[in-house]
Amino acid sequence: MINKPLIKQALIEQLEASLAVAVQSAKHAHQDATHEQSKAETQYDSLGIEMAYLAEGQSKRIEALRQEIQVLKESIEPISNQKIQLGNLVKLENCDDESVLWVYILAVAGGNKVTLNNVDIQIVTPSAPIAKKLLKQSIDDIVSFDWQATEYEIIEVV
């Protein structure tokens, strides 16, 4: 059995590691942008400006990561498992080769992947094409995705 709280905790740890890297990168970019050697010597010298843009981008990334972590920490579990909804972990089985695909539908952190007990869990947000196909489906429903000819059966919703 897959443990959703452990998956969520592993995802939060991944995001916190990314946050630490982004904070360090922002510090370096800020230092580079304000360093004496970054001062423009000619009208075409844009190193200082480029570093300032990089620092600003890193600051935005830091804020986004902090918000995602906060949303994950405050998220609540879905009440019903009748129909797939936000917060559900879905186990799909390939109808051809019986391989398994785990998808966790969360409000944030789409595109991340968590590996727990040698099982890969793909994180998707409701706006992702795979989530759009899964939302409102139920166990034993068959779904197919536009980018793949294979059909999947929903075999578990946690």
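The entries below go from the overall layout to single residues.

**Entry 1: the layout**

I started by reminding myself that this is a predicted model. I then looked up the elements and found three helices and six strands. Read from the N terminus, their order is α-α-β-β-β-β-α-β-β. I also looked up how much of the protein is covered: of its 158 residues, 34% count as buried.

**Entry 2: salt bridges**

How many salt bridges does a search of the whole structure find? I got five. I took some of them in turn.

One of them is between the side chains of Glu-77 and Lys-8, with 3.8 Å from N to O. Glu-77 sits in the loop between helix 2 (47-74) and strand 1, while Lys-8 belongs to helix 1, so this pair ties together parts that are 69 residues apart in sequence. Are the two partners buried or exposed? Glu-77 is partly exposed, because its relative accessibility is 40%. Lys-8 comes out as buried, because its relative accessibility is 11%, and the cut-off for buried is under 20%.

Next I noted Glu-16 and Lys-73, whose closest N and O atoms are 3.6 Å apart in a salt bridge. This pair also links distant parts of the chain, with Glu-16 in helix 1 and Lys-73 in helix 2, 57 residues apart. Glu-16 is partly exposed, since its relative accessible area is 33%.

Then I turned to Lys-133 and Asp-146, whose side chains meet in a salt bridge at 3.5 Å, N to O. Lys-133 is in helix 3 (residues 129-134) and Asp-146 is in the loop between strand 5 (142-144) and strand 6 (151-157), so I wrote them down as a link between distant parts of the chain, 13 residues apart. For cover, Lys-133 has 32% relative accessibility and counts as partly exposed, whereas Asp-146 has a relative accessible area of 71% and is exposed.

**Entry 3: a charged patch**

Which residues gather in a patch of negative charge on the surface? I found Asp-96, Asp-97, Glu-98 and Glu-151. I followed up Asp-96 and placed it in the loop between strand 1 (89-94) and strand 2 (100-105). Asp-96 is exposed, because its relative accessible area is 63%, and the cut-off for exposed is over 50%.

In strand 3 (residues 113-116), Val-114 and Leu-116 make up the covered face, and Lys-113 and Thr-115 the uncovered one.

How do strand 3 and strand 4 (residues 119-124) run? They run antiparallel, and four bridges join them. I picked out Val-114 again, and found that its bridge partner in strand 4 is Ile-121.

The two strands form a hairpin with two residues between them, and there Asn-117 takes a positive phi near 55 degrees. I also looked up Asn-118, which is in the loop between strand 3 and strand 4. Asn-118 has a positive phi of about 65 degrees although it is not a glycine. Asn-118 counts as exposed, because its relative accessibility is 78%.

**Entry 4: Ala-109**

Ala-109 went on my list too, as a residue that is not a glycine but has a positive phi of about 70 degrees. I found Ala-109 in the loop between strand 2 and strand 3. Is Ala-109 buried or exposed? Ala-109 is buried, because its relative accessibility is 3%.

**Entry 5: Gln-31**

My last stop was Gln-31, in helix 1 (residues 4-34). Gln-31 is partly exposed, because its relative accessible area is 47%. I also looked up the separation between the C-alpha atoms of Gln-31 and Ala-52: 9.3 Å, with the two residues 21 apart along the chain.

Definitions and conventions. Residues are numbered from 1 along each chain as its sequence is written. This is a predicted model: local features need pLDDT of at least 70, side-chain atom pairs count only at pLDDT 80 or more; totals for chains, interfaces and linings use all residues. Side-chain values use heavy atoms; hydrogens and water are left out. Patches are made of residues with over 30% relative accessible area and no salt bridge: like charges are joined within 9 Å, nonpolar side chains (Val, Leu, Ile, Met, Phe, Trp, Tyr) within 5 Å. Accessible areas come from the Shrake-Rupley method with a 1.4 Å probe; for residues, only the protein chains shown count as cover. A salt bridge is a side-chain nitrogen of Lys or Arg within 4 Å of a carboxyl oxygen of Asp or Glu. Lys and Arg count as positive and Asp and Glu as negative; His and the chain ends are not counted. The place of a charge is taken as NZ of Lys, CZ of Arg, CG of Asp or CD of Glu. Buried means under 20% relative accessible area, exposed over 50%, partly exposed in between (1.4 Å probe, protein chains only). Two strands pair if DSSP finds at least two bridges between them.
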